[in-house]
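Dear colleague,

Please find below the structure that I am handing over to you. My notes on what was found in it follow directly after.

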Amino acid sequence: GHHRYKSVLKFKEEHPELSEAKYTMCCFINSFHEGLFVLPIDRFVFNLRDVEINRILTQLKEYFEVEEVKNVNELIEKVDSTQVMIDKTINLKNHVFGMYSFLNKRSYFLRLKDNNILNEYYPDRTDIYRKLDVNILHKIVFNSILGISEEDQFREAHIEYTKGSKRALDKLKDRGYQFAFFLNAPLMREIFLTSRAGETMPQKSTYFYPKVYSGLVINKIER
């Protein structure tokens, strides 16, 4: 993971006298192996001030087609069953999100109206980066509508991230949240193309599964 990689680099810089510190262990996996998955990382929003659901819905309708659905299970099924890529030659996608409001206990399916909505926000970024679902969610919904600044998003203030092999539906029983957002994981091609363009994926956008067990192999460094 990138956190461990950064730690290794810092350790190497702090201990140039240690020859072993020049190396780090890496695990290389076939990205197209049928047993490797990229799973979505859902978001739970909490502790926002002056949040009024009717105002939020009105603002959402400026950017999304908003459809109320019967319950959360139906909402997630609708998100998961939506075909993400329409035409990869022009990077035309379906950008859809599921939103559950703890304020009124209702579920909403959101479909983006304008696929080029982030062009003005990220003029110097690639088209692939501008059309990542996580960027659309964070810039349009979290920043512009809910008022969560980019600094607070980076600090993970007001947002709790959930990842695992299943959706964290047990959290819907917790009264401490205001909204839950369910999204699709990025496509493998989006991850590759973003990397090849010299860009990095946004914060909390990829969850590769299954994980490599920690501690199976250790690089012992003698000091």
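In which loop does Asp-50 lie? Asp-50 belongs to the loop between β2 (42–45) and α2 (53–63). Please bear in mind throughout that this is a predicted model.

**Overall picture**

The secondary structure of the protein chain amounts to seven helices and ten strands. Along the principal axes, its C-alpha atoms fill a box of roughly 60 × 45 × 35 Å. Of the 223 residues in the protein chain, 42% are buried.

**Backbone features**

Most residues other than glycine have a negative phi, and most peptide bonds are trans.

Asp-50 has a phi near 55 degrees, a positive value in a residue other than glycine. Asp-50 counts as exposed, because its relative accessibility is 73% and the cut-off for exposed is over 50%.

Asn-91 is not a glycine either, and its phi is positive at about 55 degrees. This residue is found in the loop between β4 (85–87) and β5 (92–93). Is Asn-91 buried or exposed? Asn-91 is buried, because its relative accessible area is 4%, and buried means under 20%.

Pro-210 sits in the segment after β10 (207–209).

**A nonpolar patch on the surface**

Which residues form a nonpolar patch on the surface? The patch consists of Met-25, Tyr-213, Leu-216 and Val-217, and together they have about 510 Å² of accessible area. Met-25 comes from the loop between α1 (2–14) and β1 (37–39). With a relative accessible area of 44%, Met-25 is partly exposed.

Ile-218 lies in the segment after β10. Its relative accessible area is 67%, so Ile-218 is exposed.

**The second largest pocket**

The second largest pocket has a volume of about 370 Å³. It is lined by 15 residues, and the closest to its centre are Tyr-129, Asn-135, Gln-153, Pro-202 and Gln-203. Which helix supplies the largest share of this lining? That share, five residues, comes from α5. Both α5 (133–145) and α6 (150–154) supply at least two residues each of the lining of the second largest pocket. By class, the lining of this pocket divides into six nonpolar, six polar and three charged residues.

**The enclosed cavity**

Rolling a probe the size of a water molecule over the atoms shows where empty space is left. How many cavities of 30 Å³ or more does the count give? The count comes to one cavity of 30 Å³ or more. The largest cavity holds about 100 Å³ of space. Among the 16 residues that line the largest cavity, those closest to its centre are Asp-133, Leu-183, Asn-184, Ala-185 and Pro-186. The lining of the largest cavity has nine nonpolar, two polar and five charged residues.

With kind regards

Technical notes:
Residues numbered from 1 in each chain as written. Predicted model: local features only at pLDDT ≥ 70, side-chain atom pairs only at ≥ 80, totals over all residues. Heavy atoms only, no water. Patch = residues over 30% accessible without salt bridge, like charges linked within 9 Å, V, L, I, M, F, W, Y side chains within 5 Å. Areas by Shrake-Rupley, 256 points an atom, 1.4 Å probe, with all protein chains shown as cover. Salt bridge = Lys/Arg side-chain N within 4 Å of Asp/Glu carboxyl O. Helix = DSSP H or I, 4+ residues; strand = E, 2+ residues; numbered from the N terminus. Buried < 20%, exposed > 50% of the residue type's maximum accessible area, 1.4 Å probe, protein only. 1 Å grid on protein atoms, 1.4 Å probe; cavity = no way out; pocket = protein on both sides within 12 Å on 5 of 7 lines; lining within 4 Å. Points joined across faces, edges and corners; volume = space filled by probe spheres on them. Nonpolar A, V, L, I, M, F, W, Y, C, P; charged D, E, K, R; others polar.
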